Amino acid sequence: DEVLVHATVLDIEGRRMSKSLGTGVDPLELIARYGSDATRFSLLYQCASDQDIRFGEERTEMARNFCNKIWNASRFVLMNLGDDFAPAEDVPGMVREGGSLPERWIVSRYGRMLETVEGALKRFEMAEASRALYTFFWSEFCDWFVEMCKPALREGGSEGERAKQTLCYVLDGTLRALHPFMPFITEEISQQLPGAGESI
């Protein structure tokens with residue numbers, strides 16, 4: 001029923017892509033160099049509705065680095081969950097009732113990020129949605145929350161368990177939100193999370 005016509009993709013100097021002029025970009029070469037998820041995400045990240053896209057490979061490098069960040073953060077979470085970990089049914093409720101300030105903060109920021117992404121997708125604003133996901137995961141989840149919960153993970157006990165539940169809950173939900181943008185890495189990681197279904 002609805003078709004999105006995205007902005008024109010130009011080369012880095014603002015010229016239309018053309019094979020005859022040699023200004024085109026072969027997506028297969030980008031995929032071979034950076035991966036399909038990084039190529040896909042970099043295009044969506046630049047796909048603002050009101051301006052042409054000046055495509056340069058530095059955005060694809062940024063997206064590849066983001067894929068690495070997702071992979072490394074997920075490995076950290078999985079390493080700390082342990083073999084006997086089982087996801088709780090109501091992590092937001094558990095955090096509201098007795099969570100630490102960092103746990104309440106990240107669950108709140110996660111909810112706000114989901115609202116931003118959902119609203120942007122309804123308006124077909126792919127750049128806004130992808131940037132909200134990027135900023136939340138890199139800055140708020142990895143740079144802040146993962147670091148803030150390390151003492152609780154070392155301490156163990158009920159605080160450590162609640163930190164694990166919060167980490168798993170936010171990671172799982174963020175992977176689901178990222179899935180339309182990065183289908184391969186999110187599917188691969190989600191299958192390693194406790195309680196994973198047949199597919200994300």
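Student: Which residue with a positive phi follows helix 5?
Tutor: This is a predicted model, in which local features need pLDDT of at least 70 and side-chain atom pairs count only at pLDDT 80 or more, while totals for chains, interfaces and linings use all residues. Residues are numbered from 1 along each chain as its sequence is written, and side-chain values use heavy atoms, with hydrogens and water left out. Helices are DSSP runs (H or I, at least four residues), numbered from the N terminus. After helix 5, the residue with a phi near 60° is Phe124.

Student: Is Phe124 buried, partly exposed or exposed?
Tutor: Most residues other than glycine have a negative phi. Phe124 has a positive phi of about 60° although it is not a glycine, and it is found in the loop between helix 5 and helix 6. Buried means under 20% relative accessible area, exposed over 50%, and partly exposed in between (1.4 Å probe, protein chains only). Because its relative accessible area is 32%, Phe124 is partly exposed.

Student: What distance does helix 5 reach from its first C-alpha to its last?
Tutor: Helix 5 covers residues 101-122, which is 22 residues. The expected span is 1.5 Å times one less than the number of residues. For helix 5 that expectation is 32 Å, and the computed reach is close to it, at 32 Å.

Student: Against which helices do the buried residues of helix 5 pack?
Tutor: The buried residues of helix 5 are Glu103, Ile106, Val107, Tyr110, Met113, Val117, Gly119 and Ala120. Contact means heavy atoms within 4.5 Å. The partners are helix 4 (91-98), helix 6 (126-155) and helix 7 (157-178).

Student: Is Thr174 buried or exposed?
Tutor: Thr174 lies in helix 7. Leaving aside neighbours within four places in sequence, Thr174 is in contact with Tyr110, Met113, Phe136 and Phe137. Since its relative accessible area is 1%, Thr174 is buried.

Student: At the start of helix 4, the backbone nitrogen of which residue does a side-chain oxygen of Asp90 reach?
Tutor: Helix 4 has Val91, Pro92, Gly93 and Val95 as its buried residues, and these pack against helix 5 and helix 7. At the start of helix 4, the Asp90 oxygen comes to within 3.0 Å of the backbone nitrogen of Gly93.

Student: How many of the ten residues of helix 2 are buried?
Tutor: The buried residues of helix 2 are Asp37, Ala38, Thr39, Phe41, Ser42, Leu44 and Tyr45. They pack against helix 1, helix 3, helix 6, helix 7 and helix 8 (183-190). Helix 2 (residues 36-45) is therefore largely enclosed by the rest of the structure, the buried count being seven.

Student: At what angle do helix 3 and helix 7 pack?
Tutor: Axes are lines fitted to C-alpha atoms, for helices over the stretch in contact, and angles run from 0 to 180 degrees between N-to-C directions. Phe66, Ile70, Ser74, Val77, Asn80 and Leu81 in helix 3 meet Lys164, Leu167, Cys168, Leu171, Leu175 and Leu178 in helix 7. The axes of helix 3 and helix 7 are 10 Å apart, and the angle is about 150°.

Student: At what angle do the axes of helix 1 and helix 3 cross?
Tutor: Leu30, Arg33 and Tyr34 in helix 1 meet Glu57, Thr60, Glu61 and Arg64 in helix 3. The axes of helix 1 (residues 27-34) and helix 3 (residues 57-81) come within 10 Å, and the crossing angle is roughly 35°.

Notes
Helix = DSSP H or I, 4+ residues; strand = E, 2+ residues; numbered from the N terminus. Polar contact = N/O pair within 3.5 Å; in protein donor to acceptor, adjacent residues only side chain to side chain.
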